[in-house]
Amino acid sequence: MSLDVNTIFQIAGIGIIVAMIQTVLKQMGKDDWAQWVTLIGFVVILYMAATMIDDLFEKIKNVFLFL
């Protein structure tokens, strides 16, 4: 099973962008918006990870159940 490197770079890119936006918003005194941006970034990355895990389980299911 190969790991898609592009997905790792996408996750890292989203993390960097979210960190930059959060820093700018905190320096502007908008802490509540900074927390929302962080939460939205976390949800996006969690969705991407859940999709990858779903694909992994489907592949395992196909290997063991021959579907």
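Thr 7 is found in helix H1 of a model that is predicted. With a relative accessible area of 13%, Thr 7 falls below the 20% limit and is therefore classed as buried. When its neighbours within four places in sequence are left aside, the residues in contact with Thr 7 are Met 48 and Met 52.

Helix H1, in which Thr 7 lies, runs over residues 5-27 and comprises 23 residues. From its first C-alpha to its last, helix H1 reaches 33 Å, a span close to the 33 Å expected at 1.5 Å a residue. The buried residues of this helix are Thr 7, Val 18 and Leu 25, and the buried residues of H1 pack against helix H2, which covers residues 31-65. Just after H1, Gly 29 adopts a positive phi of about 85°.

Helix H2 also contains Ile 40, whose relative accessible area of 52% lies over the 50% limit, so that Ile 40 is classed as exposed. The C-alpha atom of Ile 40 is separated by 8.8 Å from that of Val 18, although the two residues are 22 residues apart along the chain. Of this pair, Val 18 is one of the buried residues of H1, whereas Ile 40 is exposed.

At the level of the whole chain, the secondary structure consists of 2 helices and 0 strands. The radius of gyration of the protein chain is 17 Å, whereas a compact globule of 67 residues would have a value near 11 Å. The box filled by the C-alpha atoms, taken along the principal axes, is roughly 55 × 20 × 10 Å.

Buried residues account for 10% of the 67 residues in the protein chain, and those of helix H1, namely Thr 7, Val 18 and Leu 25, have been described above. The accessible surface of the protein chain amounts to about 5700 Å², and 72% of this area belongs to carbon and sulfur atoms.

Conventions: Residues are numbered from 1 along each chain as its sequence is written. This is a predicted model: local features need pLDDT of at least 70, side-chain atom pairs count only at pLDDT 80 or more; totals for chains, interfaces and linings use all residues. Side-chain values use heavy atoms; hydrogens and water are left out. Helices (H or I, at least four residues) and strands (E, at least two) are DSSP runs, numbered from the N terminus. The radius of gyration is taken over C-alpha atoms; the globule rule is 2.2 Å times the number of residues to the power 0.38. Buried means under 20% relative accessible area, exposed over 50%, partly exposed in between (1.4 Å probe, protein chains only). Accessible areas come from the Shrake-Rupley method with a 1.4 Å probe; for residues, only the protein chains shown count as cover. The expected span of a helix is 1.5 Å times one less than its number of residues. Contact means heavy atoms within 4.5 Å.
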